[in-house]
Amino acid sequence: MVPPLALDIDGTLTTPSGRIDPRVFELLPGWDAPVVFATGKAFPYPVALAHFLGREETVIAENGGVAYVGGETTLVGDPDAAWAVVEAFRERGGAIGWGDGDTVNRWRETEVALGPDVDAGLLREVAAAAGDDVEIVDTGYAYHVKSVGVSKGRALRVVAEALGVDPAAFVAIGDSENDASTFGVAGESYAVANADAAARNAADEVVDDGYMNGTVSVLERLRERDE
Ligand SMILES: O=C(O)COP(=O)(O)O
Ligand SMILES: [Mg+2]
């Protein structure tokens with residue numbers, strides 16, 4: 001049997017320009033074990049990906065703030081505390097960093113995401129002044145203002161239990177600091193070559209190739225092991 005997968009999306013299933021790599025549609029629809037998309041993006045994004053791959057909608061969104069499995073949603077985190085930090089950041093001249101409409105936050109329920117070009121120093125200063133309950137996570141794609149203790153790894157435990165699968169049976173692949181907790185819960189973990197220092201340090205192995213090339217190399221290895 002191939003193992004269940006916990007897959008990050010941005011930087012892991014994408015091209016360097018941020019598109020879903022077409023090989024996702026070749027390799028994942030028929031993967032013969034649970035596949036959990038675990039992302040910092042808002043809830044609809046991984047649901048849509050799973051839906052259009054023809055897979056069960058088993059997802060972790062908002063860095064673990066949202067877990068969805070078997071039709072059950074689990075929400076953790078304090079969005080009001082995150083928004084209070086963002087409001088204080090705005091009062092000090094900070095901008096949220098997305099255009100009009102802000103589809104990044106429109107459906108976000110447990111945290112707030114700011115654009116990758118915002119004043120991160122000021123954001124961290126404002127968050128630190130707000131106390132110990134809120135932290136900043138930098139994925140390379142966004143700065144997330146989130147509750148301490150909420151993580152993809154914690155959500156993976158929730159999802160694994162609902163699936164009746166040992167969390168240690170999962171193989172996790174990711175690229176950034178929001179994946180380090182997943183790597184700690186999954187039994188086997190890989191960082192792709194474009195991964196940041198936190199992900200590289202937390203992973204069992206850093207693969208030679210980046211983005212979906214790296215992910216494909218891991219998935220091929222897992223399939224060969226199964227033969
Ligand atoms: O939303 C982000 O900042 C990054 O998303 P990811 O966790 O799928 O890489
Ligand atoms: Mg990522």
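Predicted model: local features only at pLDDT ≥ 70, side-chain atom pairs only at ≥ 80, totals over all residues.
Lys 152 is found in helix H5, which covers residues 152-163. An unreviewed UniProt entry lists Lys 152 under "binding site".

Is Lys 152 buried or exposed? Its C-beta atom has 30 C-beta neighbours inside 10 Å, and a residue with 20 or more is classed as buried, so Lys 152 counts as buried. Apart from neighbours within four places in sequence, the contacts of Lys 152 include Ala 38, Ile 60, Asn 63 and Gly 64. Asn 178, Asp 179, Ser 181 and Thr 182 are also in contact with Lys 152.

Stepping back to the whole chain, the domain assignment gives domain 1 as 5-75 + 150-226 and domain 2 as 79-147. Taken over C-alpha atoms, the centres of domain 1 and domain 2 are 24 Å apart. Their contact draws on 16 residues of domain 1 and 15 residues of domain 2. On the side of domain 1 that touches domain 2, six residues are nonpolar, six are polar and four are charged.

Around ligand 1 are Asp 8, Ile 9, Asp 10, Gly 11, Thr 39, Gly 40 and Lys 41, together with Thr 139, Tyr 141, Ala 142, Ser 176 and Asn 178. Among these, Asn 178 is also a contact of Lys 152. By class, the shell around ligand 1 holds six polar, three nonpolar and three charged residues.

Methods
Residues numbered from 1 in each chain as written. Chains lettered and ligands numbered in written order. UniProt positions renumbered as here; feature names shortened; annotations may be inferred. Helix = DSSP H or I, 4+ residues; strand = E, 2+ residues; numbered from the N terminus. Buried ≥ 20, exposed ≤ 12 C-beta atoms within 10 Å, placed from the backbone. Contact = placed C-beta atoms within 7 Å. Domains from an automatic or database assignment. Nonpolar A, V, L, I, M, F, W, Y, C, P; charged D, E, K, R; others polar. Near = placed C-beta within 6 Å.
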